2 protein chains.
Amino acid sequence: MSDSIVISIDAMGGDHGPAVAVPGAALAAERIGPGRVRFLLFGDEAQIRAELERHPGAKAVCEVRGCDKVIAADEKPAQALRRGKGSSLWNAVEAVKERQAAAAVSGGNTGALMAISKLQLRMTGGLDRPAIVASWPTMRGVTAVLDVGANIESDAAQLLEFAIMGEAFHCAVHGSKRPTVGLLNVGSEDQKGHEEVREANRILRESGLNIDYRGFVEGDDIAKGTVDVVVTDGFTGNVALKTAEGTARFVRQVLRDAFSSSWQAKLGAVIAGPALKRIRDRLDPSSVNGGPLLGLNGLVIKSHGSADAKGFANALKVAYDLAASGYAAQIDRNMKHLAAALPGSGPPEGPAPAPETDQ
Amino acid sequence: MSDSIVISIDAMGGDHGPAVAVPGAALAAERIGPGRVRFLLFGDEAQIRAELERHPGAKAVCEVRGCDKVIAADEKPAQALRRGKGSSLWNAVEAVKERQAAAAVSGGNTGALMAISKLQLRMTGGLDRPAIVASWPTMRGVTAVLDVGANIESDAAQLLEFAIMGEAFHCAVHGSKRPTVGLLNVGSEDQKGHEEVREANRILRESGLNIDYRGFVEGDDIAKGTVDVVVTDGFTGNVALKTAEGTARFVRQVLRDAFSSSWQAKLGAVIAGPALKRIRDRLDPSSVNGGPLLGLNGLVIKSHGSADAKGFANALKVAYDLAASGYAAQIDRNMKHLAAALPGSGPPEGPAPAPETDQ
């Protein structure tokens, strides 16, 4: 077990706490393979141990780190920063800072996760704020969409940072050499949209940043795979991601209804079985759960609060893949290289600015 | 033909002009039935007549109103207002003002359509700005989502107006007695989101407006049908709508791929044929084309610029249904009733304010 990768888990985060985190860990360990991964579970010791008894597959690879405090879903980030020390979320992130774990995974309060991660791990390469990136399956491959919820409002400079982070992420994780980048808007003409996107568009076009920028893209360009990286503010990105998930779920329902609507349909479904299963797998929202927080000196992955065990296992798999890929070192190199090209970028080692309190 | 409903069409609007508008009119006339509808086609007479020769079904129900000017897709609303008089878009809306047509349909420049419609038809019931509403198929029926693109930014007062308009629309068009209303956000807790949505949430909760307001909803609540009316700003709504359309298109592609991947899959698809066709129909983006501009003294329907003939026919069908339903009178009654409850609502007959120029 000495060369296995260690992942810390905020077992109290999310709607279901240890009841999802523990079976999620069991599933992930099974998928990743024996001896390759271990988990540190932070949270209520009694609850976690009770779940571990039910899931021997998890028990073999998990270590419990008891802590009493939990950050509530509706706690404000500023409050979470003041009062959160010693909580399951705080300690899971701290394990990354102290190099006990290669990555932390939490399904808890997004604003608190961002603020605490930023305080403990600091930003890399002079960047200002973290962004959560979603890897979106498209007709042409995988498109990285960011920010999908770490920030509520983003000015032009932040959108620019998202472009830089997203580009580095796509290189590191999806193996592209020179990803194309687009800015999400309501139309493709330069004068469309609000001031922030128009200003970011102008800078991306005119500045000497070494990014393959393709201009504005629209909502339907995401699934088309028009570009490799779609940049947007956290409000719009979060709504777009959840809308797409809702649409995919709706479609699965339509499929189920249609294929049970008549005996012919049922027969057809039986005969086309493997094809239908492939469709269900490609449309399974839990298969894309797990959004890394980009821009930090360390790996932190946000899982959906409502994820089930399968979804949580997927977030753990994302964490494992990132940790195993040497992604952190590569993204750090890219960031430093690219941040140097940014006008007015601060020194990489500056003090962490005060976290936002507006979400 | 004397009691047929007349619809004016901006035949030059959209990416394809008369090449889509004319076959669209033919399809719509066929679907609506003989003697029930006539179209006034505004635009380049030679181009339109050439298309009419190819589509005898349209020729029988269309009247050509030649005009030379066309408003470009990238023209700013202020410029369109100054220079647009006599254009196909302008004249199509004017036909509604002069009661030659019961509704106007355009696939042209959204900002110009909004500004020109507002100038000519004025707002109803003291409302400030129009909103485009999308009728979104959900697991529980149809949810009205607005604004999906008439405005770029919306303050709390405008979001409130959208709630009022959307509620009236859902009553009038989808026949509900007391629609439930939600505000689109990135979470359900009261402190989530930016200032505009939090303020609108507070007013909707605390004001005495007679609306069945259910609080914040998230992107995946749209397709779930959690509420009947989803209120959002035009930027977010536009991105959400197009993202859902893109997702639906992606899924159709996944279906096609899967059902042609093996001989079993092909056989299954043949046997399940009618069920598969039903799925395709429910996921056809053109089947939901046609977004009414709410809040005006008159019916104006926006069609997607990229719609094909089938999609354009659907926008014409929406226009026909609205005109035939007496919706205009009902929404006007609802608006006046509800606007009276709004703090600081102006008189219904005030002069039209200067149109926005920021899109």
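Ala103(B) has Leu299(B) as its bridge partner in S11(B). The model is a predicted one, where local features need pLDDT of at least 70, side-chain atom pairs count only at pLDDT 80 or more, and totals for chains, interfaces and linings use all residues. Residues are numbered from 1 along each chain as its sequence is written, while chains are lettered from A and ligands numbered from 1 in the order in which they are written. Helices (H or I, at least four residues) and strands (E, at least two) are DSSP runs, numbered from the N terminus.

**The sheet**
- In chain B, 11 strands make an open, mixed sheet ordered S3-S2-S1-S4-S11-S10-S5-S6-S9-S7-S8; two strands pair if DSSP finds at least two bridges between them.
- S3 and S8 (212–217) of chain B are the edge strands, each pairing on one side only.
- On average, neighbouring strands of this sheet are turned by 30° against each other, direction ignored; axes are lines fitted to C-alpha atoms, for helices over the stretch in contact, and angles run from 0 to 180 degrees between N-to-C directions.
- S4 (residues 103–106) and S11 (residues 299–302) of chain B run parallel, with 4 bridges.

**Around strand S2**
- S2(B) (residues 37–43) has 5 of its 7 residues buried, meaning 20 or more other C-beta atoms within 10 Å of a residue's own, with C-beta atoms placed from the backbone.
- S1(B) (residues 5–10) is parallel to S2(B) through 6 bridges, and Ser8(B) stands opposite Leu40(B).
- S3(B) (residues 62–66) is also parallel to S2(B), through 5 bridges, and Phe42(B) has Arg65(B) as its bridge partner there.

Technical notes:
Buried ≥ 20, exposed ≤ 12 C-beta atoms within 10 Å, placed from the backbone.
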